[in-house]
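Subject: Structure handover and notes

Dear colleague,

I am passing on the structure we spoke of, together with my notes on it. Please keep the model open while you read.

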Amino acid sequence: MSNLKLNSCAHCHGGETRIDESTYFSGMTMQVLSVTLRHFCEQTTENTFKTTITIRERTAERAAQVWNSMNE
């Protein structure tokens with residue numbers, strides 16, 4: 001998951017992006033239930049609100065693919 005290539009945000013061209021995995025222990029191994037990609041846009045002087053973009057998918061690779069398709 002650490003080697004994912006993410007495009008910069010089309011709205012703020014910066015900000016902070018986090019990828020979190022929701023997991024559970026199946027008795028023998030940890031299983032990934034879902035992945036949440038959250039992007040927090042940089043706050044500028046033009047807007048008073050801080051925009052947050054959230055993508056939920058089954059894998060980190062799919063979440064990155066959706067993010068990159070939005071920001072081409």
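The notes below go from the whole chain to the sheet, the helix and the salt bridges.

Please bear in mind that this is a predicted model, in which local features need pLDDT of at least 70 and side-chain atom pairs count only at pLDDT 80 or more, whereas totals for chains, interfaces and linings use all residues. Residues are numbered from 1 along each chain as its sequence is written, and side-chain values use heavy atoms, with hydrogens and water left out.

**The chain as a whole**

The protein chain has 1 helix and 3 strands, where helices (H or I, at least four residues) and strands (E, at least two) are DSSP runs, numbered from the N terminus. Along the sequence these elements follow the pattern β-β-β-α. The radius of gyration of the protein chain is 14 Å, well over the 11 Å that the globule rule gives for 72 residues, so the chain is more spread out than a compact globule; this radius is taken over C-alpha atoms, and the globule rule is 2.2 Å times the number of residues to the power 0.38. Taken along the principal axes, the box filled by the C-alpha atoms is roughly 50 × 25 × 15 Å.

Of the 72 residues in the protein chain, 22% are buried, where buried means under 20% relative accessible area, exposed means over 50%, and partly exposed is in between (1.4 Å probe, protein chains only). The protein chain exposes about 5200 Å², of which carbon and sulfur atoms supply 48%; accessible areas come from the Shrake-Rupley method with a 1.4 Å probe, and for residues only the protein chains shown count as cover. Among contacts (heavy atoms within 4.5 Å) between residues at least 6 apart in sequence, 39% join residues at least 24 apart.

**The sheet**

The strands form an open sheet of 3 strands in the order β1-β2-β3, with antiparallel pairing; two strands pair if DSSP finds at least two bridges between them. β1 (16–25) and β3 (52–57) stand at the edges with a single partner strand each, so one side of each is left without a neighbour in the sheet. On average, neighbouring strands of this sheet are turned by 20 degrees against each other, direction ignored; the axes are lines fitted to C-alpha atoms, for helices over the stretch in contact, and angles run from 0 to 180 degrees between N-to-C directions.

β1 is joined to β2 (residues 30–40) by 10 bridges, the two strands running antiparallel. Within this pairing, D20 stands opposite T36, and R18 has R38 as its bridge partner. The hairpin of β1 and β2 has 4 residues between the strands, and G27 takes a positive phi near 110 degrees there.

Helix α1 (residues 60–70) lies across β2 and β3, and it runs at about 135 degrees to β3. N68 lies in this helix and counts as buried, at 15% relative accessibility. If its neighbours within four places in sequence are left aside, N68 is in contact with K5, L6 and N7.

**The salt bridges**

How many salt bridges does the structure hold? There are 3, a salt bridge being a side-chain nitrogen of Lys or Arg within 4 Å of a carboxyl oxygen of Asp or Glu.

- E16 and R18 form a salt bridge with the closest N and O atoms 2.8 Å apart; E16 is partly exposed at 38% relative accessibility, and R18 is partly exposed at 41%.
- D20 and R38 form a salt bridge with the closest N and O atoms 3.1 Å apart. This pair links distant parts of the chain, with D20 in strand β1 and R38 in strand β2, 18 residues apart. D20 is partly exposed at 35%, and R38 is partly exposed at 27%.
- E57 and R62 form a salt bridge with the closest N and O atoms 3.8 Å apart; E57 is partly exposed at 23%, and R62 is partly exposed at 37%.

With kind regards
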